[in-house]
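Here is a short briefing on one protein model. Look over the sequence and structure first, then read the notes by topic.

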Amino acid sequence: PLPTSSSSSSSLATSSAFAHAYARAHAHSHSHSLRHLLRVRAAAEAGGGEADPVPRRRQAFSALALLPMLLAPRGAVAATSYAERSGLSGQSNKDTANYKLMPNGLKYLDAKVGTGPSVEKGDVVVLEATGRLAGFNGQLFFKATGDGGEPLEFKVGSGLAIPGLDLGVEGMQKGGVRRLIIPGDLGYPRPCTYSQLGQAGAYPDPGELRYRNLLFAVVNNDAREDTLVVDVQLDLLKKSK
């Protein structure tokens, strides 16, 4: 379909804004290059040879480096928070409706559905996973992947994993990828101690001291939101029967 007059005006305005921004960037670059050439010529005439205080790569890059700033809309809205992008309740994220809500308050979204039999209670699962603290600006607090930390392994329904993870993997299939939004009452014990980590109801253990302390800064602080965002990939499923 042909564009309407309003869309044409918008396109022209966008093109004009881009052209104007580029012209400003080019003018800045040209002015900078001219000044640089004059400095080089003056140095050469003084017998000092070709002094080049500004590397050529930086000269060529200068106009391009300015474009993002010049083209950025004025009064642009700040990027959404990690909590918003994770689809937590109460946020204005357009994807929130895609999350499935369980009666216990656990929410999940399947980014990729696997194949084969589904996880049931009593099965042993091997997972790659990362965990983030929604109440701490999305800080990473554990990483159990091929490039950082050993994968997680536990028996579903045994009580070893935190409740939200234990319940959240049910129904997954091998190769599947799922995001879990785990409310505080399905997460780690409150309060939580070093000796509890890795034990029943407090698995996984973040491992590194800095990750442990980040977790404690949330679960041992009543003033902080304690929702967890855990991404899991089911690598191996050992059926109980």
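**Strand E4 and its surroundings**

E4 and E5 run antiparallel and are joined by five bridges. The model is a predicted one. Seven of the ten residues of E4 are buried, so this strand is largely enclosed by the rest of the structure.

**Partners of E4**

- The hairpin of E4 and E5 has five residues between the strands. Asn137 in this hairpin takes a positive phi near 60 degrees.
- E9 also pairs with E4, in the antiparallel sense, over ten bridges. Leu127 has Leu234 of E9 as its bridge partner.
- E6 pairs with E4 as well, again antiparallel, over four bridges. Here Val125 is bridged to Phe154 of E6.

**The largest nonpolar core**

- This core holds 38 residues. Leu127, Phe154, Leu165 and Tyr188 touch the most other members.
- Strands E4 (124-133), E5 (139-144), E6 (152-155), E8 (177-182) and E9 (228-238) each give two or more residues to the core, as does helix H5 (209-219).
- H5 gives the most, with six residues.
- In soluble globular proteins, nonpolar side chains tend to be buried together.

**Contacts of Phe154**

- Which residues does Phe154 touch, not counting those up to four places away in sequence? They are Asp123, Val124, Val125, Leu127, Leu160, Ala161, Leu165, Asp166, Val169 and Tyr203.
- Val125, the bridge partner of Phe154, is among these contacts.

Notes
Residues numbered from 1 in each chain as written. Predicted model: local features only at pLDDT ≥ 70, side-chain atom pairs only at ≥ 80, totals over all residues. Heavy atoms only, no water. Core = buried A, V, L, I, M, F, W, Y, C linked by side-chain atoms within 4.5 Å. Buried < 20%, exposed > 50% of the residue type's maximum accessible area, 1.4 Å probe, protein only. Contact = heavy atoms within 4.5 Å. Pairing = 2+ DSSP bridges.
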